Amino acid sequence: MKAAQISKPGEDFELVERDIPEPGAGQVRVKVEACGICHSDVLVKEGLWPGLQYPRVPGHEIAGRIDAVGDGVTEWKKGQRVGVGWHGGHDFVCEQCRCGDFAMCINRKITGIDFDGGYAEYMVAPASAVASIPDELPPEEAGPFMCAGVTVYNALRNSGARSGDLVVVHGIGGLGHLGVQYARRMGFETVAVGRGRDKEALARKLGAHHYIDSGTGDATTELQKLGGARVILATAPNAQAISGLLDGLSVNGKLLVPAAPAEPLIVSVLSLIMGRRSVAGWYSGTARDSQDTLEFSALTGVHPMIEKYPLSRVAEAYEQMHSGKARFRVVLTMSS
Ligand SMILES: NC(=O)c1ccc[n+]([C@@H]2O[C@H](COP(=O)([O-])OP(=O)(O)OC[C@H]3O[C@@H](n4cnc5c(N)ncnc54)[C@H](OP(=O)(O)O)[C@@H]3O)[C@@H](O)[C@H]2O)c1
Ligand SMILES: [Zn+2]
């Protein structure tokens, strides 16, 4: 099979021929049809994940079909359409920590980090990492839901915001352009915050009631004019820009951060205290959360805006994501 791997941290993608992997006990093999390129693939490309073993095939926005199942797998059958996301499965109740938290168990595996991901024609995943794709979603749309989609959908549905609340999506990229669509469909008064005006028309088309250009003027003043945000979903990977939004929150507002900038956030504790505000991180979700995301998206007509590239043009595709030029998700396809 063809695969695109990173052989050493910081190196370019290498297109290689590999043997098609065999699924072990409790695993399934997926014939990949499409795989989105997430900003988090930078972690693999640049060697920013502690302990990551190379060579590694990145990719955790996988859509395809079950091609073979390992011993003991009864819930999945050859031919079923499935997705695999960032969350790469784990033991049912981990003997080591007994946390019972499927998403956060210390023994969880991460797709494209702990094992090879979807920048390849085939990949193998634990059966517990797999979600079923509804018929109406084509693979190149289902892929981006497996990380970008589930992360923002799951963050918003667990954010504590209620319909009618002012909810902000900061950073209109892969995650953000889906966040705007979900926020609108969940019944929030939806604000998109981007830098510059060039994404305004698209953000409004995706469902934003308001658009704020953080590049001109003070976004927090604009948010306070709207009454203050119950939730700010920060997807732009820039610590300074995220920190600067805190005063745009209402009393009891929450700055919810899936974005993963390398630098620390700097927040005013006084602002937290006086407004009883909070800052929290967000981790994508389990396979069940991904399936909920796929189903909600099919039900309510949420679509990723995608740019397709064949696997052979992986370097160009990655650069399109990394430059911020993509509108809005770059997806690798395996068919040509
Ligand atoms: N927690 C999780 O589970 C999880 C899951 C997936 C991704 N992530 C992280 O989430 C972040 C976003 O990922 P992604 O795939 O959506 O990345 P992406 O497609 O590259 O989008 C990021 C967007 O942020 C915008 N941006 C950058 N700096 C900005 C600023 N100062 N102000 C406003 N907008 C700004 C960029 O737009 P312009 O450059 O055009 O302004 C770009 O469109 C990354 O840090 C990624 O690692 C976390
Ligand atoms: Zn991701």
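Good morning. I begin with one residue, Asn252, which is found in strand S12, residues 249-257; helices (H or I, at least four residues) and strands (E, at least two) are DSSP runs, numbered from the N terminus. Although Asn252 is not a glycine, its phi is positive, about 70°. Most residues other than glycine have a negative phi, and most peptide bonds are trans.

A word on the source of these values. This is a predicted model, in which local features need pLDDT of at least 70 and side-chain atom pairs count only at pLDDT 80 or more, while totals for chains, interfaces and linings use all residues. Residues are numbered from 1 along each chain as its sequence is written, and chains are lettered from A and ligands numbered from 1 in the order in which they are written.

Next, the peptide bonds. Tyr54 and Pro55 are joined by a cis peptide bond with omega about 0°. Pro55 sits in the loop between helix H1 (42-45) and strand S4 (62-69). The bond from Arg327 to Phe328 is also cis, and here omega is near -10°. Phe328 belongs to the loop between helix H9 (314-322) and strand S15 (329-333).

I turn to helix packing. How do helix H2 (residues 139-157) and helix H3 (residues 174-185) cross? Their axes come within 9 Å and cross at roughly 50°; axes are lines fitted to C-alpha atoms, for helices over the stretch in contact, and angles run from 0 to 180 degrees between N-to-C directions. H2 is therefore oblique to H3, where angles under 35 degrees count as roughly parallel, over 145 as roughly antiparallel, 65 to 115 as roughly perpendicular and the rest as oblique. Residues in this contact include Pro144 and Ala148 of H2 and Leu175 and Tyr182 of H3; two residues are in contact if their C-beta atoms, placed from the backbone, lie within 7 Å. The contact of H2 with H3 comprises nine nonpolar, four polar and no charged residues. Here Ala, Val, Leu, Ile, Met, Phe, Trp, Tyr, Cys and Pro count as nonpolar, Asp, Glu, Lys and Arg as charged, and the others, Gly among them, as polar.

H2 also packs against helix H8 (residues 287-300), at an angle of about 100° and with the axes 9 Å apart. H2 is therefore roughly perpendicular to H8. Among the residues making this contact are Phe145 and Met146 of H2, and Asp289 and Leu294 of H8. The contact of H2 with H8 has seven nonpolar residues, five polar and one charged.

Now the domains. The domain assignment gives domain 1 (2-132 + 305-333) and domain 2 (150-281), with bounds that come from an automatic or database domain assignment. Taken over C-alpha atoms, their centres are separated by 28 Å. Eight residues of domain 1 are in contact with six of domain 2.

Where does ligand 1 lie? Both domains give residues to the shell around ligand 1, so ligand 1 lies between domain 1 and domain 2. The ligand is surrounded by 28 residues, the closest being His39, Gly173, Gly174, Pro237 and Gly324; a residue is near a molecule if its C-beta atom, placed from the backbone, lies within 6 Å of it. H2 and H3 each supply at least two residues of this shell. The shell divides into 14 nonpolar, 13 polar and one charged.

Thank you.
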